[in-house]
Amino acid sequence: QQVITGTIRDVTGASMPGVNVLIKGTASGTSTDVEGKFSVQAQPDDVLVISFIGYQTREITVGQQTTIDVSLEEDLTTLGEVVVVGYGTQKKVLNTGANLQVKGEDISKLSTTNALQALQGQTPGVQISSLSGQPGSGMRVVIRGMGTNNGSGPLYVVDGVLTGDINYLNPNDIESITVLKDAASAAIYGSQSANGVILVTTKGASKGKSHITFDSFIGVQNVARKVDMLDAQEYATIMNEAAVNSNKLPYFTNDEIAALGKGTDWMDEMFVDNASTQNYSLSASGNSENSWYSTSIGYTLQEGVVGGRSLSNYERYNFRINSEHKLYKDIVKVGQNLTLSYVKNKGVGVGNQYNNSLRGAFNTSPFVPMYDAEGNYFDNSNSEWNNGEANPYATMVYGNQNNNLSQKVLGNLFAEISPLKSVKFRSTLGLEYNTHESNSFTPEYKLSIYTFNDVSRASQSMGRYTSLQWDNLLTYGFDVKEHHFDVMAGSSAIQIRALGLSATNASLIFNNLEQAWISTAMNRDGTRITPLTGGPDDDVLENRLSFFGRLNYNLGETYLFNATFRADGSSKFASNQRWGYFPSVSAGWVISNEDFLAATSAWMNSLKIRASWGQVGNQRVRSFQYIAPIQFSNVNYSFGDKEGTLTGGGYPNRLPNPALGWETSEQTNIGFDAKFLSGKLNVNFDWYMKKTKDLIIAAPILATAGADEPFINGGDVTNKGIEVALAYTSSVGELNYTVSVNGAYNQNKVGVIPNADGIIHGQTNQLFDNSGEFYRMENGRPIGYFWGLKTDGLFQTEEEVNNYLSGEGKKIQPDAQPGDVRYVDRNNDGEINDQDRTLIGNPNPDLTYGFSISANYKGFDLSIQANGVAGNQIVQSYRNMANPLGNYTSAILDRWHGPGSSNKIPRVTEDNRNWTTFSDLYIHDGDFLRISNITLGYDLARVAPKGLLGQARLYASVLNAFTFTKYEGMDPEVGYGIDTRENGVLVDAMSQGVDLGFYPRTRTYLIGLNVKF
Amino acid sequence: CSDFLDKEPVVIASDVNFYKTPEDAYKALVGAYDGLQGVWANGMALPIATEVMSDNTFGGTGNADGFGYQMIDEFDKSRSTADQNIFQANWIAYYAALYRCNVLIGKMDQIEWGTKEELRPIYEAETRFLRAYMYFDMVRLWGNIPLLTAPSRDNIPQADPDAVYAVIAEDLTYAAANLPATTYASQPVSQRGRVTKWAAEALLARAYLYYTGYYGKTELAGITKAQALAYVEDVIANSGHDLVDDFFKLWPAASIEEYAGEDNKETIFAVKYTYTSDYNGNTDGNHWMVMYGMRDQFSFPYGNGWGGATVNPKLWNAYDANDTRRGASIISISAEDIDYEHEAKQREYTGYYNKKYAPMVDEEGNSVAVENGAVNFMIGQFQDYVSIRYADVLLMAAELGSANAQAYFDKVRQRAFKTNFVQVAVSQENILKERQLEFALEGIRYWDLLRQGVPTAAAIIAETTTVKNGGIATTKTITASKIELTKGLQQIPTNQINLSSNVLKQNAGW
């Protein structure tokens, strides 16, 4: 016997406390102290087994050594051994649901400012797309297909606190993100989880004694692709042709056109080059016998490429502190997780056609100059060509003077009592507290006869949102022979309140944004102080009470069973509809543990088959839909002779529906997880069928009812699909590499919409002025499908027009001329009207996929990340077809201009007759494959003196490096849809893939540094 | 536990705790007026649609716009087959406003009037007038409409027009009987715009004339011609209303300095507007007047607009050169020497625009509405729609056979011609001719045509002429047969027919 001492470190050189050091074949051994040191008695022929969860176990024969220092490497094959589930964690091998865990470092290494963006392509069945490319803009997240028109975003749970988005988080603070996709995994969150759940855990205890890490990157962003618009000469030529086609004389002579030059390229004017993006994050963590802590501060800056930093900009400060302390042995623990964010941003319009700053660049002719002789933005009011068009850059500058601040505190305090090792009681008080404040400034200006402002204005708004959550959990694990049981019971109470205040006033003392506040507005005329509103927001007021439980059972880790149940009660609903009940069951069988599969162990290392069923709910609807509210705001009449004097009134504006209840989503999932080739190849497969029933919809009702439609339960949407993920990890010499591929196929179909015409209509006026309905939700069709006329090429000759006859010999398009579109008369009644409209495009992709390659060789590391979609369509509407003089993209150069010249793009006319009716001319395939990230890094610590640095990795990345697509817009990843919000609550969100001039995702080149001490 | 879930809204009142006090009732009454104010905020406004349908104007609008206005003008759905819901916004808004009226009428018993019992018949009378006013618009425009006198979510088929007129007559009779006989001068200025006894009586006569004319009846739900006459004679004898001394003073754009003002003594009833409309839900403005502005060009004092409802030169030519109403009613591009440069953007250009409802600008070209604080010139127009003028009461009394018919007729014409007045004998034919000139572009002409019978109206409206579309001379044809086919009625919104599972039936010709 001799005394062996040593220190255990990780690859970064940090000491690792709590590592088990055992003598093989015996029960004797020890574990390392807080400095990673151990001391053990052993024989020379003993073998020390050094193990720690998540690390490769090392076995070392003692021999003549008395000092054994070991560095442990992380074990890639057992990564995710423990997975985060709702209200707890679970050994991965025992998990029977369809969920997916992404490690924080796989997110932060992609150098995005937004954690969700980094998830793109990593998780099959989770479609993530940008709502716009504006810095700070959110993401549209759809898990396993859109199931509702009522807001399809998932529930986010950050450190156990339920919240609505994670945009505020510093990606560096994330330990892991778990996506719960199937109902059995999500059902523990009951009424909140119909669209799936994204669980985020922020960083906790570090391995080893203490760490300081510093991560930063700095980069430049540019527009990956601009749309090519007509220059002045091309524009004049097309305008001439449109005039001639409209039986008018051309506007310009050839000499005039020749003298025009290129004119203003508005695309170039709108975008800035080399917009900066930066991120700095400093974190520290440490632990002692009784406590651990993890803290960080972070700063992120991203400038917008549209208009640059003064108009489109995002700055975020983050602070986080997580800690845990043992108060009394291992019996009483307390701790807290707390993240704070402070966001300062400015933005240009990225909304609908009236609130989209880029759109002006598509519609303004190249004739309008940027500046006048004095260097001011050009006032086009006296233009002889078109005094109604305005410098779109100046319009953007004048119309988007705003500063927005928001603060968020999200976190919890908890106490845990564990009187017995197998019994744990945990009580958690969670908080989400958001405040926002913003001010905006509209100067006096004049740019055209329609684009002007005669009196300066300031607007100001403030608000807060508070969600308090109190959770109590009791867990108990026990064994009965080989049968292992884990039971959990819990309750949760949530209280949500919000308050807002906003006002606008005119005639400012100062002429700049920073001094544009209500108190610097001189106007005292009451009618201009508008809107002036403030008060609690009853639409989101809610108290919610929940009780839930879970049973996990396994027999020898081979036969697995899991059941959950949750009851949710909400004050949103009338007392008789208040409670919803959400059960789930799932089972798994680890077949590879069976003896009869022993023969396959040479090539198949594990195989688990899983099946699950569950019901989850959705209650995203404004509160108090069961009463008929009296509306007082905006209800005025102007009695008397004095203009602007209003008398207030009221009326019941909505029909009540006391029967309104929960929306339910029922999902069945069957899948398997397998490992082949000594664990090098990992395969996950899932099949699911998700049916969302009793949709909470604002069902159109007959106008004669007289009030706004009540929300009702009715209708269903089915999503069916499969998901596959493959990952192969191997090494060649010192080259380690992983290749992973995933894909998901989904089919979306609306079942029954419970009103007479079976349709929820889309909105009008969205694509251009006075445009009609173009998307809808209808029985038997995909949700939000594009509804319009089919075309059948162009009429090439007069004869073709005359020969285009209905069955009864009636001319179908008697007014058409050669070069006009031939619409398909689907019902063959000799007329082109709404009855001929049909599905002409589906915004829901059939396939979403991603792949990644990562490799390291000595100190070098390389990773490539890609994602894509296929089978979806995009509606592109850049041009306001109500305006004959708007500019065109250069695609119009391929228009019809004589028989045979085109069968696709119709002739140009001044009345835009071929475009005023929505048809498949607007539809474009949205398939794309994007290489979203290429990163090459090198760890300088390898060449630095040993022990000085744990890591000093320098890297360079390209974000959004290449996009392969046939879509000729600026960006095929169009998350924008016609979302209608009332008081911030989504009430209609069934559409997507609508490109009205989409703020594109930038291409970013950056360099970064990760340092660990 | 359950206490925790029993939460009441903090700032939302509900129909359970509202409609309790006379103050609540007044708020609900204002809500009903607000409903009327909004019926033309979107869709196609009746004051314009009726002028387009009549022989006074063409469809007009921008040269790149859809052809909905042409479809209305020519009663020809093939002009714009996709426009199947052109009046849907109005259909919805009318029923929404009727709902407010019906709810309030149904809650009259629930309200604790206390010492203010005398308010009840007044509020009820005002509400019923508003209901009658809107039903009268609707039944004239669509002919066949669902009739609700209490709120209902049922899928209600279209009513026989007689039933609708019976409600109109009953409501107006009630209003005339229950509103106090306050003279114009003694009504507080701050209350102007509220429904008066005189408005109810005048509207009753209008309804009588239309119903008996269009449907060929002799009585309106029991109201005889003599009774109808008695109502308007009462207005003439007792209301204190009178003509404004100069015709041009009635119209802001015709009388910049001398405008008689809104709620002047000639106004029997007006839909009131002001400039506080915004995009946050306030619809207080005259959203339709911008349609009448010249396409894309202002010329002091006339503001720019969308060039809708271009005035038919026939109307200009119908006036005697000595008639002061011609220049007060119509903007003549040539006569006023306006340099109109945007024919290229104007459809159905005629050289004439509506002056009575012209948006206005100051000498620098700034919108008068915006200078007053409006969000913009499109929704910020604030000129009231004067629905019933005292001149109309005089001419209706004459037409209904008043003993003073010649005097009433002369009174209207004397104002128009001033010193050039020459008496013309009063007759049905001459009254109708005079009505076109007096009420041109005020949304009255079309109904005056239809009440002469559809064939007569069709023959007068039908026309083949030349207009300029985008500066190009184009033939314009309105055929009588289309008007006869549709009976002069407009299309029921197709979406509403679909929503009703075809319980609603489309009108002939649409």
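Leu441(B) lies in the loop that runs between helix H15 (428-438) and helix H16 (445-450) of chain B. In this predicted model, phi of Leu441(B) is positive, near 65°, although the residue is not glycine. Its relative accessibility is 1%, so Leu441(B) counts as buried. A positive phi of about 65° also occurs at Asn247(A), again not a glycine. Asn247(A) is placed in the loop between helix H4 (232-245) and helix H5 (254-258) of chain A; with a relative accessibility of 55%, this residue counts as exposed. Most residues other than glycine have a negative phi, and most peptide bonds are trans. The peptide bond joining Phe300(B) and Pro301(B) is cis, with omega about 5°. Pro301(B) belongs to the loop between strand S3 (294-295) and strand S4 (304-305) of chain B.

Helix H6 (residues 119-142) of chain B packs against H8(B) at an angle of about 25°, the axes being 11 Å apart. The two helices are therefore roughly parallel, and their crossing is left-handed. Residues making the contact include Phe129(B), Tyr133(B) and Phe136(B) of H6(B) and Leu203(B), Arg206(B) and Tyr210(B) of H8(B). By class, the contact residues comprise 10 nonpolar, no polar and two charged.

Helix H9 (residues 225-238) of chain B has 14 residues and should span 20 Å at 1.5 Å a residue; the end C-alpha atoms are 20 Å apart, in agreement. Its buried residues include Leu229(B), Tyr231(B), Val232(B) and Ile236(B). Among the elements covering the buried residues of H9(B) are helix H7 (161-178), helix H8 (197-215) and strand S2 (267-271) of chain B. Gly240(B), with a positive phi near 80°, follows H9(B).

Definitions and conventions:
Residues are numbered from 1 along each chain as its sequence is written. Chains are lettered from A and ligands numbered from 1 in the order in which they are written. This is a predicted model: local features need pLDDT of at least 70, side-chain atom pairs count only at pLDDT 80 or more; totals for chains, interfaces and linings use all residues. Side-chain values use heavy atoms; hydrogens and water are left out. Helices (H or I, at least four residues) and strands (E, at least two) are DSSP runs, numbered from the N terminus. The expected span of a helix is 1.5 Å times one less than its number of residues. Buried means under 20% relative accessible area, exposed over 50%, partly exposed in between (1.4 Å probe, protein chains only). Contact means heavy atoms within 4.5 Å. Axes are lines fitted to C-alpha atoms, for helices over the stretch in contact, and angles run from 0 to 180 degrees between N-to-C directions. Angles under 35 degrees count as roughly parallel, over 145 as roughly antiparallel, 65 to 115 as roughly perpendicular and the rest as oblique. A crossing is left-handed if the near helix is turned anticlockwise from the far one by less than a right angle, and right-handed if clockwise. Ala, Val, Leu, Ile, Met, Phe, Trp, Tyr, Cys and Pro count as nonpolar, Asp, Glu, Lys and Arg as charged, and the others, Gly among them, as polar.
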